[in-house]
Amino acid sequence: MTVADAVTSGRPSVILFATPMFCQTAACGPTLDVVKGIAADYKDRITFVHVEPYALRLTDAGIQPDLDADGHLQPVPATVEWGLPTEPYLFVVDEDGTVAAMFEGVMGTDELRAAFEEVAAGAVPVSSPAA
């Protein structure tokens, strides 16, 4: 799901811009782990989208960043559109597409749960198909 699809879906969403492999702040991996650790508790009420903030390409040596002529990472369009100067950033968006909370850098489980609870309170759970 794209960021645009998530924020216009009519469901609350969490948009995380983080790159554990190429993070400039050393906070992306721990942040992604925190979000993944609590996302399961909300997956039926909140849409989660992880955005790789930098352009990457697959090479024979594995995933590599696309660098500019000066050797800098190149942001993907969503990173530019959201005006993000660094990573990680996490946005909690309500069902109307309004940003209800924003976190930059390191974030804790308790503060994320509080923000998730706020937007999930009125969300209708997505039913799972019968097994």
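Trainee: In which strand is Ile63 found, and why is Ile63 called partly exposed?

Mentor: In this predicted model, Ile63 is found in strand β4, residues 62-65. Its relative accessible area is 40%; buried requires under 20% and exposed over 50%, so a value in between is partly exposed.

Trainee: Which residues form a nonpolar patch on the surface with Ile63?

Mentor: Met21, Leu56 and Leu58 form the patch with Ile63, and together the four have about 410 Å² of accessible area.

Trainee: What makes Cys23 and Cys28 a disulfide, and why is the disulfide called right-handed?

Mentor: The S to S distance is 2.4 Å, and the cut-off is within 2.5 Å, so the pair qualifies. The torsion about the S-S bond is about 70°, so the disulfide is right-handed. The structure holds one disulfide, and both Cys23 and Cys28 are buried.

Trainee: Why is the pair of Phe17 and Phe91 called edge-to-face?

Mentor: A search of the whole structure finds six aromatic pairs. In the pair of Phe17 and Phe91, the ring centres lie 6.1 Å apart and the planes stand at 85°.

Trainee: How do you know whether Phe17 and Phe91 are buried or exposed?

Mentor: Phe17 has a relative accessible area of 0% and Phe91 has 5%. The limit for buried is under 20%, so both residues count as buried. Ring pairs also link Phe17 and Phe91 with Trp82 and Tyr89 into a cluster.

Trainee: What makes strand β5 covered on both faces?

Mentor: Tyr89, Phe91 and Val93 on one side are buried, as are Leu90 and Val92 on the other. In a regular strand the side chains alternate between the two faces of the sheet.

Trainee: Which strands pair with β5, and in what sense?

Mentor: Strand β1 (residues 13-17) pairs with β5 in the antiparallel sense over five bridges, and Phe17 stands opposite Tyr89. Strand β6 (residues 99-104) also pairs with β5 in the antiparallel sense over five bridges, with Phe91 opposite Met102. β5 and β6 form a hairpin with five residues between them, and Gly97 in the turn has a positive phi of about 90°.

Technical notes
Residues are numbered from 1 along each chain as its sequence is written. This is a predicted model: local features need pLDDT of at least 70, side-chain atom pairs count only at pLDDT 80 or more; totals for chains, interfaces and linings use all residues. Side-chain values use heavy atoms; hydrogens and water are left out. Buried means under 20% relative accessible area, exposed over 50%, partly exposed in between (1.4 Å probe, protein chains only). Helices (H or I, at least four residues) and strands (E, at least two) are DSSP runs, numbered from the N terminus. Two strands pair if DSSP finds at least two bridges between them. Patches are made of residues with over 30% relative accessible area and no salt bridge: like charges are joined within 9 Å, nonpolar side chains (Val, Leu, Ile, Met, Phe, Trp, Tyr) within 5 Å. Accessible areas come from the Shrake-Rupley method with a 1.4 Å probe; for residues, only the protein chains shown count as cover. A salt bridge is a side-chain nitrogen of Lys or Arg within 4 Å of a carboxyl oxygen of Asp or Glu. Rings of Phe, Tyr and Trp (its six-membered ring) pair if their centres lie within 6.5 Å; planes under 30 degrees apart count as stacked, over 60 as edge-to-face and the rest as tilted.
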